[in-house]
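Dear colleague,

Please find below the structure that I am handing over to you. My notes on what was found in it follow directly after.

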Amino acid sequence: MRITHWIGGKAWTGIAQRAGDVYDPATGQVTGQVDFASASDVDEAVSAAREAFSRWRNASLAQRANVMFSFRELLNARKSDLAEIITAEHGKVLSDAAGEIQRALEAVEFACGIPQLLKGGFSENASTKVDVYSIQQPLGVVGVISPFNFPAMVPLWFVPNAIACGNTVVLKPSEKDPSASNFLAELFAEAGLPDGVFNVVHGDKEAVDRILEHPEVKAISFVGSTPIARYVYENGTRNGKRVQALGGAKNHMVVLPDADLDLAADAAVSAGFGSAGERCMAISVVVAVDPVGDELVGKISERIAGLHVGDGRRAGCEMGPLVTGAHRAKVRSYLDAGRSAGAKLVVDGRSHSIDGDEAGFWLGPTLFDHVDVDMSIYTDEIFGPLLSVVRVPSYDAAVELVNANPYGNGTAIFTNDGGAARRYQNEIEVGMVGVNVPIPVPVSYYSFGGWKDSLFGDSHAYGPHGVHFFTRAKVVTSRWLDPSHGGVNLGFPQNT
């Protein structure tokens, strides 16, 4: 199967000078070839978006909202088809893919309210017979660069808001699971979105670099690892673009002695191993506050043993494979690294039973205990099914540990002490906090984003921040003269 770009409202075949393999992670088999965009392909997409912008920016708010409502209904009706595409190329189980789409639908629903979201302010008689009002206008062509781990949800964090605000979009999805983006493009076209408003170019660094430097691209939204987020931010801003670049994470779950340990163990396993740990909001570190460490590790181990790992299309499977063989090899290397550094390997994912083709990119859930902060299994964003337990003597030591980490994406605390929870949410230097909630991804009418090395730029994703990011404010001061306006006055205007 050949996967092509989507430019100007149709599949763009062009002449692919380079292409990449697309795999079924559950079988290890190549299922298709995705065209890699050259700089000229990106130029073609930007040109189509620029031409469409002159018309789309003048489309009424009612028309934009109607397109979003239609897209939402189409996406909801076809969500099982999209889930199958995601599972076939990413590897996550079907139920997880369906959950991703459901959260994506929430972001689309927020964009459906664009007439309410773009209301400005008005001051009558700010000065004598002078009115002042503010409006929000679109930027122009915007670029979205999205990762492999959420091939539908992350693009839909940005694209609906951008389009509803009157912009046109060039999306560069991950080359590892590209088909979901083309599926979304077809749904947008069916929903009545004019040609050129939404375009998809596939590829690698060559496509990214051209988007970052293209003079007609006014803003960039990015989600990925911290080194690449920093690269996108620095190069995008150097080229005069507005940039929001969401980076990596090392999310901690603090468990206090008064917590319900069964609830905490359930949460640690669910948040640590869902989607094979390939989530930027996955819990990768459990911070066990003395004396709960031994009991908590025992409960987590018991739950890991019962996890059904296998092909996400098979009934009962709870965790699928990793996305590629290369990524699986990288994650596996941390098992030896952790043990060599002195951590206790409690559960070795390499020995977990698998319900699937042995050629798939499998690695079962892994648990380390007695992890120190200088070990690579703690310092690195592994992005796989590896959970580390760090033991600390007190609440204060837990807060100090989390705040010292360079990442600040998400964190959670498990406790039955309301005072401790309130203190934690105030003291912790992290952008998203869960209280007895292990993955605190905000609902669509708030915004998603971390602190420190987890975010470059000052705007979070979707919600109110998304509308702000994809618009720029303009203030208009007006005076309509009447017959008594008087004559020439060369003095400096005064508010009287």
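Serine 127 stands opposite valine 130 in strand 7. This is a predicted model, in which local features need pLDDT of at least 70 and side-chain atom pairs count only at pLDDT 80 or more, while totals for chains, interfaces and linings use all residues. Residues are numbered from 1 along each chain as its sequence is written, and side-chain values use heavy atoms, with hydrogens and water left out.

Strand 6 (residues 122-127) and strand 7 (residues 130-138) pair in the antiparallel sense over three bridges. Two strands are said to pair if DSSP finds at least two bridges between them. Helices (H or I, at least four residues) and strands (E, at least two) are DSSP runs, numbered from the N terminus. Strand 6 and strand 7 form a hairpin with two residues between them. Lysine 129 lies in the loop between these strands, and has a positive phi of about 60 degrees although it is not a glycine. For background, most residues other than glycine have a negative phi, and most peptide bonds are trans.

Strand 7 also has a partner in strand 25 (residues 471-478): the two run antiparallel and are joined by eight bridges. Within this pairing, valine 132 stands opposite threonine 477.

A further sheet is open and consists of three strands in the order 1-5-4, with mixed pairing. Its edge strands are strand 1 (2-3) and strand 4, each of which pairs on one side only. Strand 1 and strand 5 (residues 29-36) pair in the parallel sense over two bridges, and the bridge partner of isoleucine 3 in strand 5 is valine 34.

Aspartate 290 and proline 291 are joined by it, with omega at about 10 degrees. Proline 291 lies in the loop between strand 14 (283-289) and helix 11 (293-305).

I turn next to the domains. The protein is divided into domain 1 (2-247 + 462-476) and domain 2 (251-435); these bounds come from an automatic or database domain assignment. The C-alpha centres of the two domains lie 31 Å apart. In contact terms (heavy atoms within 4.5 Å), 21 residues of domain 1 meet 23 residues of domain 2.

How much area is buried between domain 1 and domain 2? The value is about 1800 Å², of which carbon and sulfur atoms give 61%. Buried area is the accessible area (1.4 Å probe) that two parts lose on being put together, summed over both. Pro25, Ala26 and Val93 supply 26% of the area that domain 1 buries against domain 2, more than any other three residues.

Two salt bridges are found across the interface of domain 1 and domain 2. A salt bridge is defined as a side-chain nitrogen of Lys or Arg within 4 Å of a carboxyl oxygen of Asp or Glu. The side chains of aspartate 96 and arginine 279 form a salt bridge, at 3.0 Å from N to O.

On the side of domain 1 that touches domain 2, the elements giving two or more residues are strand 4 (18-24), helix 3 (79-90) and helix 4 (94-112). Helix 3 provides the largest share, four residues.

Finally, a search of the whole structure finds 28 salt bridges. Arginine 103 forms one with glutamate 106, the closest N and O atoms being 3.1 Å apart. Because they are three residues apart in helix 4, arginine 103 and glutamate 106 are separated by about one helical turn.

With kind regards
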